[in-house]
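Visitor: Could you walk me through how to read a few features of a structure? I would like the general idea each time, and then the case at hand.

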Amino acid sequence: MAVDYTTHDGVAVITLNNPPVNGLGLATRAGIVAGMERAQNDPAITAIVLTGAGKAFSGGADITEFNSPKAMQEPTLATVIKTVENSAKPVVAAIHSVAMGGGLELALGAHYRLAAPGAQIALPEVKLGILPGAGGTQRLPRAIGLEAALNMIVTGAPVLSEKLAHHGLAQSGLFDELVEGDLGQAALAFARKVGAQQGPHPKVRERKIEHPNAEGFIQFARNSVAGLAKNFPAPLKCIDAVEAGVKNGFDKGLAFERECFVALVQTPESRALRHAFFGERAASKIPDVPADTPVREIARVGVIGAGTMGGGIAMNFINAGIPVTLLETKQEALDRGLATIRKNYEANVKKGKLKPEALEARMALITPTLSYDDLKNADLIVEAVFEELGVKEQVFRRLDEIARPGAILASNTSTLDVNRIAAFTKRPQDVVGMHFFSPANVMKLLEVVRGKETAKDVLATVMKLAKKIKKTAVVSGVCDGFIGNRMIEQYIRQALFMLDEGALPAQVDRAIEKFGFAMGPFRMSDLAGNDIGWAIRKRRYQEYPEMQYSKIADRLCETGRFGQKTGGGWYDYKAGDRTAYPSKRVDEMIVAYSKDTGIARRKIGDEEIVERLVFALVNEGAKILEEGIASKASDIDMVYLTGYGFPLYRGGPMLYADTVGLYNVERAIRRYAAQPNGHAWQLAPGIAELAAQGRGFNG
Ligand code: 3HC
Ligand code: NAI
């Protein structure tokens, strides 16, 4: 049953009971209407309480129903709210924990609202690329005032219930009472009181929107939002809908809101945002690791290596209140690592993000050491030493000797084989890859690399821990580059081939940045250091002699142009300035390289640049899925959204491919495969199969 109905001495209690968050799916909506009718028809009932079981009043419309006929099937949320609002018997919404989206809209249809303190109140629809579609843009401004409401609607940010009670924020009148004690009992008592009063009972829709200069304020809001919203249509539509209500009254405003909602749900931006919402939650679910797998307790962490990555990794745990023992080989390295951590925290204090006293508290959670003995009690040890198998071997053999039984041993390696690292120990089941991204204290992505013997409870523990340290964790099988770097290698290969064939770095970067990437491949490479890619390629030439690469990047590196750190790379840089200036010298070098290798340069259009870069990701992503390295397409998208600057409004490479249509992706790949450098395109069989079935990666 999605809704429970009980009676208590003249009061009917309608309880939403649709775990996990009482989403307002079809069955729940129908249950509410049925409960309302039952209460109307029972002469013994004088008032109705509407509340939610479990961990929410309601998290809003059921997002899984969007784009399905169920979402539009009667009773729609609009019908439910109308039934509540038009009830002759007063309806009291009793809100605890969460009232969001349609949940809040439903409560706004009630005649009275009570709330427990600490409840999160929001209209978060904008975060899903839509706007409140069941009266939120019309009723919230009438309940709490134009400015506070518009702010909530446009940002989607939650506000605590205590700030929205009658005596809280100026103008706010969302809640009639805040209830410190038993909400259920208080709601029954309140309902009996108003049930005894003569109607009609107050309706939010009948309140006036009062503002000294509504038009001016709306214009101001529109100007501020326009710059921020850029590629997302929803925020400006929120303003339009609120304005429609202010100018033309409730009913016309409501009709306009509906129109905007229906249009926005269909946009690729909304699809992308909803995909990311579910993708983030789905990533933590591993198909063969049941949700109730017991987890190991992680109370103390050890980090080995206090360099670029080790320091950032340590900060993640400290920020979550988990003490860290940080091990280095030499005192100077340890001191340097600690100084960097302190400097990072000091910068946070300067920006007002951290209180000065919190800085010392965090530093106090680090125990620096040069001795492995100090890692004996660690529950998890993360290795972040030099990227050399020999060094990793030394460390893991030593860890095997000293770590307590059951401790998880993790490597932050970005390119080495986690199975080989695990084999350096007598406990490969406890070994896992934890591939953080740089800067590790900032980047959201964590690739959790599952070795062939990694135990299920180790995976479950690491996934849970990732949530605690606020990372988006995605499981990857063992392969060269894991999910993210394996795909980016194909993208960079294409970028370099295009230089050989006629493009220049600035053109490639401009095209892909226009598509929405935070940074094009050449600016990115200059920032990371071209020598890193060079070292990887040298290894590739040995390991995969049959694979063909453009050698233009090697030629650049041979001149010492490693990027920003050497004052020049693909671009020129001026001292103290990170702006990338196209380099005449490099452009000439590229043209000369084409000539030397006998390639006739041609004009390459922006569309081709974008297709070759993005479809290179898609094609490799499809192979990663086929090989089971990633268990679902949305995992790959989460890697790209959180670790590689793929534009959120496109939802990641795999969803983007679905949007384009795999039929079209396949045709484009076959076309590029027939061009010079076409050897780089080995069409993933999965793309052809799905395309033939008219399906996409996401169904
Ligand atoms: N519909 C369907 N499922 C939902 C949902 C919703 N509105 N909100 C959350 N869920 C599911 C999640 O997918 C997750 O499922 P899982 O356990 O199978 O992975 C489960 O509920 C728990 O979610 P969280 O892990 O996010 O749990 P938290 O306790 O951390 O957070 C929450 C709870 C604050 C409600 C958070 O889930 C959230 O922000 N949800 C989105 C709320 C939202 O955007 N509502 C607006 C919907 S659109 C709308 O109402 C349109 C209307 O205007 C017409
Ligand atoms: P780094 O050179 O900045 O730091 C390595 C640190 O390890 C140094 O401080 C060194 O003194 C210490 N060290 C070396 N041998 C040691 C040993 N036997 N015992 C204890 N400490 C030792 O290197 P960085 O960049 O931090 O990389 C570390 C690991 O993280 C590598 O495996 C690398 O592939 C991986 N990684 C690096 C990323 C990056 O962007 N830099 C991103 C993701 C992973």
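Visitor: With which side chains does the side chain of Glu489 make a polar contact?

Guide: A polar contact is a pair of N or O atoms within 3.5 Å; within protein, one must be able to donate a hydrogen and the other to accept it, and residues adjacent in sequence count only if both atoms are side-chain atoms. Here the Glu489 side chain pairs with that of Tyr549 at 2.9 Å, and with that of Arg540 at 2.8 Å. Please keep in mind that this is a predicted model, where local features need pLDDT of at least 70, side-chain atom pairs count only at pLDDT 80 or more, and totals for chains, interfaces and linings use all residues. Residues are numbered from 1 along each chain as its sequence is written, chains are lettered from A and ligands numbered from 1 in the order in which they are written, and side-chain values use heavy atoms, with hydrogens and water left out.

Visitor: Where is Glu489 found, and is Glu489 buried or exposed?

Guide: Buried means under 20% relative accessible area, exposed over 50%, and partly exposed in between (1.4 Å probe, protein chains only). Glu489 has 16% relative accessibility, so it counts as buried. Its place is in helix α18, residues 482–501; helices (H or I, at least four residues) and strands (E, at least two) are DSSP runs, numbered from the N terminus. If contact means heavy atoms within 4.5 Å, then Glu489 is in contact with Arg540 and Tyr549, leaving aside neighbours within four places in sequence.

Visitor: On to the ligands. Which residues are the closest to ligand 1?

Guide: A residue is near a molecule if one of its heavy atoms lies within 4 Å of it. For ligand 1 there are 23 surrounding residues, and Gly59, Gly102, Glu105, Glu125 and Lys285 are the closest. In the polar pairs, a backbone atom of Gly59 lies 2.8 Å from a nitrogen atom of ligand 1. Oxygen atoms of the ligand take part as well: one is 3.0 Å from a backbone N or O atom of Gly133, and one is 3.2 Å from a polar side-chain atom of Lys55.

Visitor: How much of the area that ligand 1 exposes when taken alone does the protein bury?

Guide: Accessible areas come from the Shrake-Rupley method with a 1.4 Å probe; for residues, only the protein chains shown count as cover. Ligand 1 alone exposes 990 Å², and the protein buries 76% of that. Two or more shell residues come from each of α4 (102–109) and α11 (268–283), with α11 giving the largest share, three residues.

Visitor: How many residues of each class are in that shell around ligand 1?

Guide: Ala, Val, Leu, Ile, Met, Phe, Trp, Tyr, Cys and Pro count as nonpolar, Asp, Glu, Lys and Arg as charged, and the others, Gly among them, as polar. The shell around ligand 1 has twelve nonpolar, five polar and six charged residues.
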